[in-house]
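Subject: A structure to look through

Dear colleague,

Please find below the structure that I promised to pass on, followed by some notes on it.

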Amino acid sequence: MEESSYSNLSTSHLLGSVPAVANGEKKASYEVPEANLQIFPPNNGSGGGSGRGYQTLEAPTEDFEQQAANNWKGVFSISSYTQYFNVDTDVVIYRLICSFFPATGDFFSKIDANPDLYGLIWITTTLVFALASFGNCATYLMQKHTDGTTSWSFDVGYINAAASGIYGYAVVVPVAFYFLLQYLGSNASLVRFWCMWGYSLSIFVPTAIILLIPLEILRWIIILIAGTASSCFVALNLRTYIEGPNDLRMMVVAAFLLQMALAIFIKVWFFA
């Protein structure tokens, strides 16, 4: 009797008790309506109000991506120049081979789609160390030939002279021609000029090795041949790029003479 009365007591108020779940309870369900983006007001070109209201989002154009490289802020941004280093080894080797055969004169057409600055930096840096090292070796061999007691010594001044001459020439000369041609009304491209002049110096790297031969007359023949080939490469390609009045033709002659002057500078300063 007592046990039955205890079982009829309500226990929902006790701590920790769990109310029974009613059978047949149905869970409420709610479906999220599908989002449907609309343009407001409709941009259908009617009513003369095409420039008002909300507009659809469009992907950024290429002009926006290249905006940073076309203003002064882009000049000082490293990301603006990454496109000019997007070349692989095969492309660089192909352009190096083309620079050794100046008669074609179509180098600009080969780099028009993708001019690079990798060749300019790599070739000039290699040439600087080649002139400094082989210039010291050539000086030692000549002195050893005349005086058997001469000891080896490395002249650090060769590095300073090579860096100043080669880097200065490869950067300043294309810039000077670019501004002169712009002044004369020609549609010049500074990046393409840097690319072309950089590859024009590649022939002087193997020439520096050959100039180790301790015969003065042979050295002059070698440097004049290399200088002529490099000068023809610059002049012929520059001629096809700036075809026009006689004032522009004089720029081709000036480029040829400057390239020959560089070759003579290499011979006189490092392999005298």
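Read along the sequence, the protein runs α-α-α-α-α-α-α-α-α-α-α-α, which comes to 12 helices and 0 strands, where helices (H or I, at least four residues) and strands (E, at least two) are DSSP runs numbered from the N terminus. Please keep in mind that this is a predicted model, in which local features need pLDDT of at least 70 and side-chain atom pairs count only at pLDDT 80 or more, while totals for chains, interfaces and linings use all residues. Residues are numbered from 1 along each chain as its sequence is written, and side-chain values use heavy atoms, with hydrogens and water left out.

Of the 272 residues of the protein, 32% count as buried, that is, under 20% relative accessible area, whereas exposed means over 50% and partly exposed lies in between (1.4 Å probe, protein chains only).

In helix α5, which spans residues 89–99, the buried residues are V92, R95, L96, C98 and S99. Seen down the axis of α5, these buried residues fall within an arc of 160°, so they line one face of the helix; the arc is that of the directions from the helix axis to the C-beta atoms. The exposed residues T89 and D90 are carried on the face of α5 turned away from its buried side.

V173 belongs to helix α8 (residues 157–183), and V173 counts as buried because its relative accessibility is 12%. Leaving aside neighbours within four places in sequence, V173 is in contact (heavy atoms within 4.5 Å) with G168, W197 and L258. V173 and W197 lie 24 residues apart in sequence, and their C-alpha atoms are 8.6 Å apart in space.
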